[in-house]
Amino acid sequence: MKILISDAFDPSLSDRLKKFGEVTEDTDLVAECDVVLIRSKTKCTKEYIDAAPNLKLIIRGGVGLDNVDLEYAKEKGIAVHNTPEASSVAVAELAFALMISVPNRIIAAHNSMVDDKWEKKQLKRSELMGKVLGLIGVGRIGTVLANRARAFGMHVVGHDKFVKWSDQVELKEMDSVLGESDYLSLHVPFNADTENLINKKSIAKMKDGVVVINTGRGKCVNAEDMVDALKSGKISTYATDVWPSDPPPADYPLLKAPNVIMTPHIGASTKENLLRIGDQVVEIITNFNK
Ligand code: NAD
(Lines give C-alpha, C1' and ligand atoms only; values in the text may rest on other atoms or scores of the structure.)
Protein backbone atom coordinates (compact mmCIF):
# COMPACT_ATOMS: atom_id res chain seq x y z
CA MET A 1 0.00 0.00 0.00
CA LYS A 2 1.34 3.46 -0.92
CA ILE A 3 0.12 6.37 1.18
CA LEU A 4 0.41 10.02 0.18
CA ILE A 5 0.32 12.63 2.96
CA SER A 6 -0.75 15.52 0.78
CA ASP A 7 -1.42 18.25 3.39
CA ALA A 8 -0.11 19.25 6.83
CA PHE A 9 -0.57 16.59 9.51
CA ASP A 10 1.31 15.97 12.75
CA PRO A 11 4.96 15.25 11.85
CA SER A 12 4.81 11.91 13.73
CA LEU A 13 2.14 10.55 11.38
CA SER A 14 4.50 9.54 8.59
CA ASP A 15 6.38 7.13 10.91
CA ARG A 16 3.14 5.83 12.43
CA LEU A 17 1.85 4.89 8.96
CA LYS A 18 4.95 2.99 7.85
CA LYS A 19 3.51 -0.26 9.23
CA PHE A 20 0.88 -0.06 6.47
CA GLY A 21 3.32 0.37 3.57
CA GLU A 22 5.28 3.07 1.78
CA VAL A 23 4.57 6.65 2.87
CA THR A 24 5.37 9.71 0.78
CA GLU A 25 4.76 13.45 1.00
CA ASP A 26 5.66 13.96 -2.66
CA THR A 27 2.39 15.07 -4.28
CA ASP A 28 3.86 14.35 -7.74
CA LEU A 29 3.50 10.66 -6.87
CA VAL A 30 -0.28 10.79 -6.54
CA ALA A 31 -0.71 8.55 -9.62
CA GLU A 32 0.95 5.65 -7.73
CA CYS A 33 -0.90 6.03 -4.42
CA ASP A 34 -3.62 3.83 -2.92
CA VAL A 35 -4.44 6.19 -0.04
CA VAL A 36 -4.32 9.96 0.08
CA LEU A 37 -4.48 12.03 3.27
CA ILE A 38 -5.77 15.57 2.87
CA ARG A 39 -6.85 18.47 5.06
CA SER A 40 -8.13 21.70 3.42
CA LYS A 41 -5.48 22.48 0.84
CA THR A 42 -5.77 19.51 -1.52
CA LYS A 43 -8.96 19.49 -3.58
CA CYS A 44 -10.04 15.99 -4.58
CA THR A 45 -11.84 17.05 -7.72
CA LYS A 46 -12.80 14.81 -10.65
CA GLU A 47 -9.50 15.74 -12.36
CA TYR A 48 -7.51 14.90 -9.22
CA ILE A 49 -9.24 11.53 -8.87
CA ASP A 50 -8.71 10.76 -12.58
CA ALA A 51 -5.00 11.43 -12.09
CA ALA A 52 -4.84 8.78 -9.34
CA PRO A 53 -5.94 5.47 -10.93
CA ASN A 54 -4.82 3.36 -7.91
CA LEU A 55 -6.71 5.41 -5.36
CA LYS A 56 -8.90 3.36 -2.99
CA LEU A 57 -9.19 5.57 0.08
CA ILE A 58 -9.30 9.32 0.71
CA ILE A 59 -8.98 10.46 4.32
CA ARG A 60 -9.80 14.07 5.10
CA GLY A 61 -8.25 15.01 8.43
CA GLY A 62 -10.97 17.35 9.65
CA VAL A 63 -14.72 17.86 9.45
CA GLY A 64 -16.04 19.33 6.17
CA LEU A 65 -15.88 17.20 3.03
CA ASP A 66 -16.57 20.13 0.70
CA ASN A 67 -13.10 19.72 -0.88
CA VAL A 68 -13.89 16.19 -2.09
CA ASP A 69 -16.07 15.33 -5.10
CA LEU A 70 -17.99 12.72 -3.11
CA GLU A 71 -20.22 11.59 -5.95
CA TYR A 72 -17.33 11.00 -8.32
CA ALA A 73 -15.31 9.20 -5.63
CA LYS A 74 -18.29 6.91 -5.02
CA GLU A 75 -18.66 6.28 -8.74
CA LYS A 76 -14.99 5.24 -8.84
CA GLY A 77 -15.39 2.97 -5.80
CA ILE A 78 -13.10 5.12 -3.64
CA ALA A 79 -13.90 5.13 0.08
CA VAL A 80 -13.93 8.59 1.71
CA HIS A 81 -13.53 9.12 5.45
CA ASN A 82 -13.11 12.19 7.64
CA THR A 83 -12.25 12.66 11.32
CA PRO A 84 -15.27 14.65 12.49
CA GLU A 85 -14.94 14.18 16.26
CA ALA A 86 -11.30 15.24 16.55
CA SER A 87 -11.57 18.98 15.88
CA SER A 88 -14.53 20.12 18.00
CA VAL A 89 -12.57 21.45 21.01
CA ALA A 90 -9.91 23.12 18.84
CA VAL A 91 -12.46 25.00 16.72
CA ALA A 92 -14.75 25.86 19.63
CA GLU A 93 -11.80 27.29 21.58
CA LEU A 94 -10.85 29.50 18.61
CA ALA A 95 -14.47 30.68 18.24
CA PHE A 96 -14.46 31.48 21.96
CA ALA A 97 -11.11 33.27 21.70
CA LEU A 98 -12.40 35.40 18.81
CA MET A 99 -15.59 36.16 20.75
CA ILE A 100 -13.94 37.11 24.05
CA SER A 101 -11.32 39.25 22.32
CA VAL A 102 -14.06 41.64 21.15
CA PRO A 103 -15.58 42.99 24.42
CA ASN A 104 -12.10 42.97 25.95
CA ARG A 105 -10.75 45.15 23.10
CA ILE A 106 -7.65 42.95 22.91
CA ILE A 107 -6.70 43.82 19.32
CA ALA A 108 -7.28 47.57 19.70
CA ALA A 109 -5.42 47.61 23.03
CA HIS A 110 -2.47 45.68 21.66
CA ASN A 111 -2.26 47.83 18.53
CA SER A 112 -2.40 51.05 20.56
CA MET A 113 0.51 49.86 22.73
CA VAL A 114 2.50 48.92 19.60
CA ASP A 115 1.83 52.50 18.41
CA ASP A 116 3.31 53.89 21.67
CA LYS A 117 -0.10 55.04 22.94
CA TRP A 118 -1.48 54.69 26.48
CA GLU A 119 -5.28 54.51 25.90
CA LYS A 120 -6.27 53.40 29.40
CA LYS A 121 -9.19 55.87 29.46
CA GLN A 122 -10.39 55.33 25.88
CA LEU A 123 -10.43 51.52 25.91
CA LYS A 124 -13.78 50.73 27.48
CA ARG A 125 -14.42 47.00 27.88
CA SER A 126 -17.63 45.05 28.43
CA GLU A 127 -18.40 41.55 29.69
CA LEU A 128 -19.77 38.37 28.18
CA MET A 129 -21.75 37.55 31.34
CA GLY A 130 -25.47 38.00 30.81
CA LYS A 131 -25.16 38.36 27.03
CA VAL A 132 -26.89 36.11 24.52
CA LEU A 133 -24.81 33.86 22.29
CA GLY A 134 -26.70 32.59 19.24
CA LEU A 135 -25.49 29.55 17.36
CA ILE A 136 -26.37 28.73 13.79
CA GLY A 137 -25.66 25.00 13.71
CA VAL A 138 -25.85 23.11 17.00
CA GLY A 139 -23.68 20.11 16.17
CA ARG A 140 -20.38 19.05 17.71
CA ILE A 141 -18.53 22.39 17.61
CA GLY A 142 -21.58 24.52 18.43
CA THR A 143 -22.29 22.35 21.48
CA VAL A 144 -18.71 22.57 22.83
CA LEU A 145 -18.79 26.35 22.37
CA ALA A 146 -22.16 26.54 24.14
CA ASN A 147 -20.71 24.68 27.11
CA ARG A 148 -17.81 27.16 27.41
CA ALA A 149 -20.09 30.18 26.95
CA ARG A 150 -22.48 28.97 29.67
CA ALA A 151 -19.52 28.73 32.06
CA PHE A 152 -19.00 32.45 31.39
CA GLY A 153 -22.62 33.23 32.31
CA MET A 154 -23.91 33.65 28.76
CA HIS A 155 -27.38 32.54 27.72
CA VAL A 156 -27.06 30.30 24.68
CA VAL A 157 -29.75 30.02 22.01
CA GLY A 158 -29.36 28.25 18.70
CA HIS A 159 -30.96 27.11 15.48
CA ASP A 160 -30.27 23.81 13.78
CA LYS A 161 -32.10 22.45 10.77
CA PHE A 162 -31.95 18.87 12.05
CA VAL A 163 -31.06 18.87 15.77
CA LYS A 164 -34.23 19.23 17.82
CA TRP A 165 -32.89 18.69 21.36
CA SER A 166 -29.87 19.97 23.25
CA ASP A 167 -28.96 20.08 26.94
CA GLN A 168 -26.66 23.08 26.32
CA VAL A 169 -28.63 25.28 23.94
CA GLU A 170 -32.16 26.70 23.88
CA LEU A 171 -33.23 25.73 20.37
CA LYS A 172 -35.28 28.26 18.41
CA GLU A 173 -36.31 29.27 14.93
CA MET A 174 -33.59 30.97 12.89
CA ASP A 175 -35.26 34.40 12.98
CA SER A 176 -35.51 34.33 16.79
CA VAL A 177 -31.82 33.45 17.09
CA LEU A 178 -30.91 36.26 14.69
CA GLY A 179 -33.06 38.75 16.60
CA GLU A 180 -31.96 37.85 20.14
CA SER A 181 -28.20 37.37 19.84
CA ASP A 182 -25.56 39.81 21.06
CA TYR A 183 -22.96 37.39 19.66
CA LEU A 184 -23.78 35.12 16.73
CA SER A 185 -21.51 32.19 15.87
CA LEU A 186 -21.72 30.09 12.70
CA HIS A 187 -21.23 26.31 12.86
CA VAL A 188 -22.99 24.92 9.79
CA PRO A 189 -21.36 22.94 6.98
CA PHE A 190 -21.02 24.57 3.57
CA ASN A 191 -23.65 23.41 1.09
CA ALA A 192 -26.27 24.84 -1.26
CA ASP A 193 -28.50 25.54 1.75
CA THR A 194 -25.93 27.47 3.76
CA GLU A 195 -24.17 29.40 0.97
CA ASN A 196 -24.67 33.13 1.69
CA LEU A 197 -26.82 32.25 4.74
CA ILE A 198 -25.69 35.53 6.25
CA ASN A 199 -26.86 38.10 3.74
CA LYS A 200 -28.64 41.46 3.57
CA LYS A 201 -31.97 39.84 4.50
CA SER A 202 -30.75 37.82 7.50
CA ILE A 203 -28.54 40.72 8.68
CA ALA A 204 -31.60 43.01 8.76
CA LYS A 205 -33.15 40.63 11.34
CA MET A 206 -30.15 40.88 13.69
CA LYS A 207 -29.77 43.12 16.75
CA ASP A 208 -28.01 46.42 16.08
CA GLY A 209 -24.33 46.15 16.97
CA VAL A 210 -24.21 42.33 17.00
CA VAL A 211 -20.82 40.59 16.84
CA VAL A 212 -20.67 37.81 14.22
CA ILE A 213 -18.10 35.02 14.59
CA ASN A 214 -17.42 32.61 11.75
CA THR A 215 -15.36 29.47 12.21
CA GLY A 216 -17.66 27.50 9.88
CA ARG A 217 -17.11 28.29 6.22
CA GLY A 218 -16.32 31.61 4.53
CA LYS A 219 -18.90 31.21 1.78
CA CYS A 220 -21.74 31.03 4.34
CA VAL A 221 -21.38 34.81 4.56
CA ASN A 222 -22.09 37.19 1.69
CA ALA A 223 -18.98 39.38 1.78
CA GLU A 224 -20.48 42.48 0.16
CA ASP A 225 -23.49 42.46 2.49
CA MET A 226 -21.20 41.96 5.50
CA VAL A 227 -19.04 44.92 4.46
CA ASP A 228 -22.15 47.14 4.17
CA ALA A 229 -23.32 46.02 7.63
CA LEU A 230 -19.89 46.71 9.16
CA LYS A 231 -19.75 50.16 7.56
CA SER A 232 -23.21 51.07 8.86
CA GLY A 233 -22.49 49.65 12.34
CA LYS A 234 -25.39 47.19 12.10
CA ILE A 235 -22.76 44.52 12.75
CA SER A 236 -20.12 45.89 15.14
CA THR A 237 -17.46 43.22 14.49
CA TYR A 238 -17.01 40.28 12.14
CA ALA A 239 -14.46 37.82 13.53
CA THR A 240 -13.58 35.14 11.00
CA ASP A 241 -11.25 32.19 10.61
CA VAL A 242 -12.73 31.08 7.31
CA TRP A 243 -12.56 32.38 3.75
CA PRO A 244 -13.98 31.68 0.31
CA SER A 245 -10.60 30.11 -0.55
CA ASP A 246 -7.34 29.49 1.35
CA PRO A 247 -5.97 32.16 1.09
CA PRO A 248 -8.74 34.51 -0.09
CA PRO A 249 -8.20 36.55 -3.28
CA ALA A 250 -6.29 39.79 -2.62
CA ASP A 251 -9.37 41.84 -3.57
CA TYR A 252 -11.74 39.95 -1.22
CA PRO A 253 -13.72 42.85 0.24
CA LEU A 254 -13.62 41.72 3.88
CA LEU A 255 -9.81 41.91 3.99
CA LYS A 256 -9.96 45.70 3.99
CA ALA A 257 -13.30 46.28 5.73
CA PRO A 258 -13.53 48.01 9.12
CA ASN A 259 -13.90 46.02 12.36
CA VAL A 260 -12.93 42.63 10.98
CA ILE A 261 -10.82 40.28 13.12
CA MET A 262 -9.06 37.70 10.96
CA THR A 263 -7.23 34.42 11.39
CA PRO A 264 -5.92 32.28 8.50
CA HIS A 265 -8.11 29.15 8.87
CA ILE A 266 -6.34 27.86 11.99
CA GLY A 267 -9.44 26.53 13.76
CA ALA A 268 -8.34 22.92 13.62
CA SER A 269 -4.61 23.58 13.93
CA THR A 270 -3.91 22.88 17.58
CA LYS A 271 -1.11 20.43 18.27
CA GLU A 272 -3.51 18.33 20.35
CA ASN A 273 -6.00 18.15 17.49
CA LEU A 274 -3.36 17.14 14.97
CA LEU A 275 -2.44 14.25 17.28
CA ARG A 276 -6.13 13.26 17.63
CA ILE A 277 -6.53 13.42 13.83
CA GLY A 278 -3.45 11.20 13.50
CA ASP A 279 -5.00 8.63 15.87
CA GLN A 280 -8.18 8.57 13.79
CA VAL A 281 -6.25 8.23 10.51
CA VAL A 282 -4.42 5.17 11.90
CA GLU A 283 -7.75 3.71 13.04
CA ILE A 284 -9.39 4.30 9.63
CA ILE A 285 -6.54 2.64 7.72
CA THR A 286 -6.47 -0.28 10.19
CA ASN A 287 -10.20 -0.87 9.67
CA PHE A 288 -9.87 -0.41 5.91
CA ASN A 289 -7.24 -3.15 5.79
CA LYS A 290 -9.38 -5.64 7.73
P1 NAD B 1 -21.64 18.92 12.83
O2 NAD B 1 -22.09 18.13 11.66
O3 NAD B 1 -21.49 18.22 14.14
O4 NAD B 1 -22.63 20.17 13.06
C5 NAD B 1 -23.15 20.93 12.01
C6 NAD B 1 -24.61 21.18 12.34
O7 NAD B 1 -25.16 22.05 11.36
C8 NAD B 1 -25.45 19.91 12.34
O9 NAD B 1 -26.07 19.71 13.59
C10 NAD B 1 -26.47 20.14 11.22
O11 NAD B 1 -27.74 19.60 11.54
C12 NAD B 1 -26.52 21.66 11.17
N13 NAD B 1 -26.99 22.18 9.90
C14 NAD B 1 -26.72 21.74 8.65
N15 NAD B 1 -27.34 22.54 7.73
C16 NAD B 1 -27.97 23.51 8.43
C17 NAD B 1 -28.76 24.64 8.06
N18 NAD B 1 -29.01 24.92 6.78
N19 NAD B 1 -29.25 25.42 9.05
C20 NAD B 1 -29.02 25.13 10.35
N21 NAD B 1 -28.29 24.08 10.77
C22 NAD B 1 -27.77 23.29 9.81
O23 NAD B 1 -20.28 19.60 12.41
P24 NAD B 1 -19.20 20.31 13.36
O25 NAD B 1 -18.16 19.31 13.71
O26 NAD B 1 -19.89 21.05 14.43
O27 NAD B 1 -18.55 21.32 12.30
C28 NAD B 1 -19.33 22.39 11.76
C29 NAD B 1 -18.59 23.04 10.62
O30 NAD B 1 -17.44 23.71 11.11
C31 NAD B 1 -18.02 22.06 9.58
O32 NAD B 1 -18.98 21.63 8.65
C33 NAD B 1 -16.94 22.88 8.94
O34 NAD B 1 -17.49 23.61 7.87
C35 NAD B 1 -16.53 23.86 10.04
N36 NAD B 1 -15.17 23.60 10.54
C37 NAD B 1 -14.26 24.60 10.49
C38 NAD B 1 -12.98 24.38 10.96
C39 NAD B 1 -11.96 25.49 10.98
O40 NAD B 1 -10.78 25.20 10.87
N41 NAD B 1 -12.35 26.74 11.14
C42 NAD B 1 -12.60 23.12 11.44
C43 NAD B 1 -13.56 22.13 11.50
C44 NAD B 1 -14.85 22.37 11.05
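The model is predicted, so local features rest on pLDDT of at least 70 and side-chain atom pairs on pLDDT 80 or more, while totals for chains, interfaces and linings use all residues. Residues are numbered from 1 along each chain as its sequence is written, and side-chain values use heavy atoms, with hydrogens and water left out.

Begin by selecting residues 2-84 together with 271-288, which form domain 1, and then residues 88-262, which form domain 2; these bounds come from an automatic or database domain assignment. The centres of domain 1 and domain 2, taken over C-alpha atoms, are separated by 31 Å.

Turn next to the interface, where eight residues of domain 1 are in contact with seven residues of domain 2 (heavy atoms within 4.5 Å). About 530 Å² is buried between domain 1 and domain 2, with carbon and sulfur atoms giving 42% of this area; the value is the accessible area (1.4 Å probe) lost by the two parts on being put together, summed over both.

One salt bridge is found by the rule across the interface of domain 1 and domain 2.

Finally, select the ligand and the 25 residues around it, of which Arg140, Ile141, Asp160, Thr215 and Asp241 come nearest (a heavy atom within 4 Å). A polar side-chain atom of Asp241 lies 2.9 Å from a ligand nitrogen atom, whereas an N or O atom in the side chain of His265 is 3.2 Å from a ligand oxygen atom.

Technical notes. A salt bridge is a side-chain nitrogen of Lys or Arg within 4 Å of a carboxyl oxygen of Asp or Glu. A polar contact is a pair of N or O atoms within 3.5 Å; within protein, one must be able to donate a hydrogen and the other to accept it, and residues adjacent in sequence count only if both atoms are side-chain atoms.
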